[in-house]
Amino acid sequence: MPDTPEAVQPPASPPADSPVIATPEEDRALLREGDSVLLIDRKKRQYLRVLKSERRVNVRDGMIVPDALIGHPEGIVVRSSMGEYLQVFRPTYAQIAPNLPRQAQLIYAKDIGTILLYGDIHPGARVIEVGVGPGATSLALIRAVGPTGCVISYEIREDFANLARATVKRFHGDAPQWTVKLGDAYEGFQERNVDRIVTDVPEPWRVIPHAAAALRSGGVFVGFIPTVLQMKQLVDELREGGFAAVEVVESLQRFWHVKERSVRPEHRMVAHSGFLVIARRLAVVPTAS
Ligand SMILES: C[S@@+](CC[C@H](N)C(=O)[O-])C[C@H]1O[C@@H](n2cnc3c(N)ncnc32)[C@H](O)[C@@H]1O
């Protein structure tokens, strides 16, 4: 075990078997035509834009020519025509969600992190999503299951289905592991033997008998639900409907302001978004009498 700071410095040149980038074509840092980028100004305001070689990037009253961005590494700082300095990065998941259309309430990174880990959404998993809205959760699920898994998303409204498709296309690209099914999830699922079900609809208890039929034994149900009475009904009906190991969790997240000698929590925080109800499907599901 090295015990001096010098000893843990990375070697000047990587070992021959390192997966390090060798050519500019493989350099993941380089910004390309069609990339979404986030420009951040000195007041930490964020501007999400798409890079097009024929289109200037406008930020407030200033503009940046595409050549100043395309072909350069993310992490650069550019100066707009108004003299404003902007940091340029590809957006992370947490930065994408607040920039999506708000026609329907969506689930932000604070809760998505919990859904993915407590819901055990893993590479290769077969997942049903109920209620796609603008597609924030779809995007996270598609990324988590990877190319060997699959996500089937049920959505009752065609406009939301199309909105979610546009979100996934823009921030993920082609997603052959993802299918959107237009229909009422309260009427049932066609799938069987799925590993996980994630719901974000107003009456998730109406999904329970169908979830019990679609999930394999031991499969995980995760329901995101905003109010206490909805949460209680969901818990009660899960317990009666063949599910066990029910847990309810709420995530509170507080950002901090860290500048010079002013180190304190931010004055504002999201006080409430929703509850997550997590449950496991029992091997034997009671049948309706
Ligand atoms: C709150 S939004 C989901 C947002 C999504 N989780 C996200 O993070 O972007 C709820 C969605 O559920 C859909 N929905 C409501 N009832 C439904 C049902 N019975 N079957 C399928 N979709 C339904 C709505 O049309 C809406 O798009």
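Student: How are residues numbered, and what confidence do local features need?
Tutor: Residues are numbered from 1 along each chain as its sequence is written. As this is a predicted model, side-chain atom pairs count only at pLDDT 80 or more, totals for chains, interfaces and linings use all residues, and local features need pLDDT of at least 70.

Student: What is the mean pLDDT of the protein chain, and where is it below 50?
Tutor: pLDDT is the predictor's confidence in each residue, from 0 to 100. The mean for the protein chain is 92, and 91% of its residues reach 70 or more. The value is below 50 over residues 1-7.

Student: How many helices and strands does the protein chain have?
Tutor: Both are DSSP runs numbered from the N terminus: helices are H or I with at least four residues, strands are E with at least two. Counted in this way, the protein chain has 6 helices and 15 strands.

Student: What percentage of the residues in the protein chain is buried?
Tutor: A residue is buried if 20 or more other C-beta atoms, placed from the backbone, lie within 10 Å of its own, exposed if 12 or fewer, and partly exposed in between. Of the 289 residues in the protein chain, the buried share is 33%.

Student: How far apart are the end C-alpha atoms of helix α6?
Tutor: The expected span is 1.5 Å times one less than the number of residues. Helix α6 covers residues 228-240, so its 13 residues should span 18 Å. The model agrees with this, as the end C-alpha atoms are 19 Å apart.

Student: Which residues of α6 are buried, and what arc do they cover?
Tutor: The buried residues in α6 are M231, L234, V235 and L238. They lie on the same side of α6 because the arc they cover around the axis, taken from the directions to the C-beta atoms, is only 100°.

Student: Which elements cover the buried residues of α6?
Tutor: Contact here means that the C-beta atoms of two residues, placed from the backbone, lie within 7 Å. The cover includes α5 (208-214), β11 (215-225), β12 (243-249) and β15 (275-281).

Student: Is D236 buried or exposed?
Tutor: D236 is in helix α6. The face turned away from the buried side of α6 carries D236, along with L229 and E240. With 12 other C-beta atoms within 10 Å, D236 is exposed.

Student: Which residues are closest to the ligand, and which elements give two or more residues to its shell?
Tutor: A residue counts as near if its C-beta atom, placed from the backbone, lies within 6 Å of the molecule. Of the 22 residues that surround the ligand, the closest are L106, G131, G133, A136 and D200. The elements that give two or more residues to the shell are α3 (136-145) and β8 (150-155).

Student: Where is R60 found, and what is its phi?
Tutor: Most residues other than glycine have a negative phi. R60 is found in the loop between β3 (57-59) and β4 (62-64), and is partly exposed, with 13 other C-beta atoms within 10 Å. Although R60 is not a glycine, its phi is positive, about 50°.

Student: What is the phi of N193?
Tutor: N193 is found in the loop between β9 (178-182) and β10 (194-199). N193 is exposed, as 10 other C-beta atoms lie within 10 Å. This residue, other than glycine, has a positive phi near 65°.
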